[in-house]
Amino acid sequence: MNYPKSLLVLLLAFQCVIAAEQLAADGEGSEPSLEQLDAAFTAEDAAREAAAWSDVLIDRDQTDALTGITAAADLVFRGTVVSQKTVYDANDLPFTHTTFSISELLKGSHPDAEVTLIQEGGVSRVDKESIVIVSDANHFTVGADELLFLAVDARNPVAEARITVNNRFCIANNGVYDENGHGLLLESDEGRTGYRMRWSRDRNPAPRFTQIKIGPHTITKQFEKESVNYDSGGDAEAQAKAAAPGYLSSVRVDALTAAITDTVTPD
């Protein structure tokens, strides 16, 4: 069963409270130990945590991440954004319709050469200087090259829920990036079948990754400068990230699409 993100957090907190109450009842103290808190954290909790509490479960110990996100998607394709328009509902709430022209279909089937994604948000109908922004929406620009992993629920009565984005990769100069410009580093898992995925230590500074265009408006992203304190040893994860290759080492899109194709199980 899928739960909203906020409810999952409350459920986890409730499990920890139950563990604490049990300890008090047993006369072992009023606070649970770290071991017992871990015991209250289920395998499903771990999977949801690894997926940033989304509805797509991802094993946080999974080494073959590319196969995982491919298996979780109904439709995977490379395409170009060919048009965008804002449509308003009866309450004047804006919805952005983004249409992609499919250039390479990697998984699933689609009856047309184009796919239209509907997302809540856009320029206000009442005040053209105001913008409605939804936190989990993806922002696309006409002409951009994208590689999308989509969930499809064609019979859903809610139009914006029929096609949703599981994972998104931006393509620029044949390199593959996240929406903030970190380069995708794809590595064969030595001794195993599959691929590991991680991000570059720095970001591509191109305007595509620093600006969001919504109607006639342009919003510029502000990123904090990342640093690692080597004098005190620093955080191991932060040091590993700092040691990672730069964005220019991003995987080439043809190598990524070939790897995706390798992970798809024939019907």
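Residues are numbered from 1 along each chain as its sequence is written, and side-chain values use heavy atoms, with hydrogens and water left out. As the model is predicted, local features need pLDDT of at least 70 and side-chain atom pairs count only at pLDDT 80 or more, while totals for chains, interfaces and linings use all residues.

Helix H4 spans residues 65–72; helices here are DSSP runs of H or I with at least four residues, strands are runs of E with at least two, and both are numbered from the N terminus. Its buried residues are Leu-66, Ile-69 and Thr-70, where buried means under 20% relative accessible area, exposed over 50% and partly exposed in between, with a 1.4 Å probe and protein chains only. These three sit on the same side of H4, because they cover an arc of only 100° around the axis (the arc is that of the directions from the helix axis to the C-beta atoms). Among the elements covering the buried residues of H4 are strands S2 (94–107), S6 (145–152) and S7 (163–172), along with helix H7 (253–263).

Thr-70 counts as buried because its relative accessibility is 2%. A polar atom of its side chain lies 2.8 Å from the backbone oxygen of Leu-66. Leaving aside neighbours within four places in sequence, Thr-70 is in contact (heavy atoms within 4.5 Å) with Lys-107, Phe-149, Ile-260, Thr-263 and Val-264.

Next come the cores, each being a set of buried Ala, Val, Leu, Ile, Met, Phe, Trp, Tyr and Cys residues joined through side-chain atoms within 4.5 Å. The largest has 17 residues, and those with the most contacts inside it are Leu-147, Phe-149, Leu-256 and Ile-260. H4, S6, S7 and H7 each supply at least two residues of this core, with H7 giving the largest share, four residues. Not counting residues up to four places away in sequence, Ile-260 touches Leu-66, Thr-70, Val-76, Leu-106, Leu-147 and Phe-149. A second, separate core of 12 residues includes Ile-102, Val-115, Leu-117 and Leu-148.

On the charged side, the count comes to six salt bridges, taking a side-chain nitrogen of Lys or Arg within 4 Å of a carboxyl oxygen of Asp or Glu. Arg-168 forms one with Glu-146, their closest N and O atoms being 3.0 Å apart. Arg-168 lies in strand S7 and Glu-146 in strand S6, so this pair ties together parts 22 residues apart in sequence. Both partners are buried. Arg-168 also forms a salt bridge with Glu-179, at 3.8 Å between the closest N and O atoms. Glu-179 sits in the loop between strand S8 (175–177) and S9, so here the parts tied together are 11 residues apart in sequence. Arg-168 counts as buried at 14% relative accessibility, whereas Glu-179, at 35%, counts as partly exposed.

Glu-187 forms a salt bridge with Arg-198, the closest N and O atoms being 2.7 Å apart. Glu-187 is in strand S9 and Arg-198 in strand S10, 11 residues apart. Glu-187 is partly exposed at 28% relative accessibility, and Arg-198 is partly exposed at 35%. Finally, salt bridges that share partners join Glu-146, Arg-168, Glu-179 and Arg-208 into one network.

Notes: A polar contact is a pair of N or O atoms within 3.5 Å; within protein, one must be able to donate a hydrogen and the other to accept it, and residues adjacent in sequence count only if both atoms are side-chain atoms.
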